[in-house]
Amino acid sequence: MPEADSLFSTPSDETAIASDRQPVVFAKGGEVFASSRDVAAAFEERHDNVIRDIGNLIRAEPSLGLRQFAQGGVLKFEETPYVNEQNGQTYKAYAMTRDGFTLLAMGFTGAKALRWKLRYIEAFNALEAELRRRASTDP
């Protein structure tokens, strides 16, 4: 996971999902991201399948993995490799913006997936609101 300014998770809502796992989003450079590893765990998907799906999105629309400042675009997926503590090998992972998460999560279906999507949206909203609040109070 990239170096984060802060971590945030939403308050527990055990009635919505019978799981103690909370969506994790983090701020980096004033933007809010979710990790492909956390998303895979939350949606009970294999991380290699999530990486495959992100790769398919980027291959279909290469601009999703590029910053296009001249056109006002925003990076949707940022490659963030990590080292596995058990074997010392480096593996691919992605940090994704709200838009990147939305594009990826569109492919996740079912009632449980819908509840996780809603929880992630709440987490993105809450951290974005906190960043705006901090920006408005900073000198």
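Me: By the cut-off rule used here, how many salt bridges does the count come to?

Reply: A salt bridge here is a side-chain nitrogen of Lys or Arg within 4 Å of a carboxyl oxygen of Asp or Glu. By this rule the count is eight salt bridges. Before we go on: this is a predicted model, where local features need pLDDT of at least 70, side-chain atom pairs count only at pLDDT 80 or more, and totals for chains, interfaces and linings use all residues. Residues are numbered from 1 along each chain as its sequence is written, and side-chain values use heavy atoms, with hydrogens and water left out.

Me: Is R133 buried, exposed or partly exposed, and what is its value?

Reply: Buried means under 20% relative accessible area, exposed means over 50%, and partly exposed is in between (1.4 Å probe, protein chains only). R133 is partly exposed at 44%, R134 is partly exposed at 36%, and E130 is partly exposed at 21%. For another salt bridge, look at R46 and D48, with 2.7 Å from N to O. R46 is exposed at 55%, while D48 is partly exposed at 40%.

Me: What pattern does the chain follow along the sequence?

Reply: Helices (H or I, at least four residues) and strands (E, at least two) are DSSP runs, numbered from the N terminus. The protein chain has four helices and seven strands, and the order reads β-β-β-α-α-β-β-β-β-α-α. Of its 139 residues, 37% are buried.

Me: Which residues does T97 touch, beyond those up to four places away in sequence?

Reply: A contact means heavy atoms within 4.5 Å. T97 sits in the loop between β7 (94–96) and α3 (98–105), and is buried because its relative accessible area is 7%. Its partners are E31, V32, F33, L75, K76 and F124. Across the chain, 54% of the contacts with a separation of 6 or more are between residues 24 or more positions apart. For a separate look at sequence against space, take K28 and A95: 67 residues apart in sequence, 9.9 Å apart C-alpha to C-alpha.

Me: Which residues make the nonpolar surface patch?

Reply: Patches take residues with over 30% relative accessible area and no salt bridge; like charges are joined within 9 Å, nonpolar side chains (Val, Leu, Ile, Met, Phe, Trp, Tyr) within 5 Å. Here L114, L118 and I121 make one of about 260 Å². L114 belongs to helix α4 (residues 111–137) and is partly exposed at 47%. Accessible areas come from the Shrake-Rupley method with a 1.4 Å probe; for residues, only the protein chains shown count as cover. The chain's accessible surface is about 8200 Å², of which 51% belongs to carbon and sulfur atoms.
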